[in-house]
Amino acid sequence: RVDPAKDALPMLYVPADVTIELVDGRVYRGCEEFVKGHPRNPFSLRECVERFMSCARLAARRMDPGRLQEFVRMVEALEDVKDAGEMVPLLT
């Protein structure tokens, strides 16, 4: 549900309230002040790689896991990659 008070905040991404109501009547509430990926709640490299690999598994064309791992390896050592163009074929 949209909360007009939060929607009016001068922020691109407003804090997200979460309410979980269990069948036994218990209610849990929380608030995520900064969405995942926000500079104040950044992804770790591991989380980013996990999300990338998860999305890659859903690609319309099957992608070779070994090539994906090589791509990730190159990203992890990007400062040592002499030609980023070498990375593109790993994703095709």
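Student: Which residues does F71 touch, not counting those up to four places away in sequence?
Tutor: F71 touches F52, M87, L90 and L91. Keep in mind that this is a predicted model.

Student: Where is F71 found?
Tutor: F71 is found in helix α3, which covers residues 65–76.

Student: Buried or exposed?
Tutor: F71 counts as buried, because its relative accessibility is 15% and the cut-off for buried is under 20%.

Student: How far is F71 from T92 in space?
Tutor: The two are 11 Å apart, C-alpha to C-alpha. Along the sequence, 21 residues separate F71 and T92.

Student: Confidence next. Which element has the highest mean pLDDT, and which the lowest?
Tutor: Helix α3 has the highest, at 95. Helix α1, residues 4–7, has the lowest, at 83.

Student: And what does the protein chain average?
Tutor: The chain averages a pLDDT of 90. Of its residues, 100% score at least 70.

Student: Why ask about pLDDT at all?
Tutor: Where pLDDT is low, predicted coordinates should not be read in detail.

Student: New topic: pockets. What volume does the largest one have?
Tutor: About 230 Å³.

Student: Which residues line the largest pocket?
Tutor: The lining consists of R1, D3, K6, P15, A16, D17, V18, T19 and E21.

Student: Which element gives the most to the lining?
Tutor: Strand β1, residues 16–21, with five residues.

Student: How does β1 pair with β2?
Tutor: In the antiparallel sense, over six bridges. Strand β2 spans residues 27–32.

Student: D17 lines the pocket. What stands opposite D17 in β2?
Tutor: C31 does.

Student: How many residues lie between the strands of that hairpin?
Tutor: Five residues lie between β1 and β2. In this hairpin, G25 takes a positive phi near 95°.

Student: Another cysteine, then: where is C48?
Tutor: C48 sits in helix α2, residues 45–56.

Methods: Residues numbered from 1 in each chain as written. Predicted model: local features only at pLDDT ≥ 70, side-chain atom pairs only at ≥ 80, totals over all residues. Heavy atoms only, no water. 1 Å grid on protein atoms, 1.4 Å probe; cavity = no way out; pocket = protein on both sides within 12 Å on 5 of 7 lines; lining within 4 Å. Points joined across faces, edges and corners; volume = space filled by probe spheres on them. Helix = DSSP H or I, 4+ residues; strand = E, 2+ residues; numbered from the N terminus. pLDDT = per-residue confidence, 0-100. Buried < 20%, exposed > 50% of the residue type's maximum accessible area, 1.4 Å probe, protein only. Contact = heavy atoms within 4.5 Å. Pairing = 2+ DSSP bridges.
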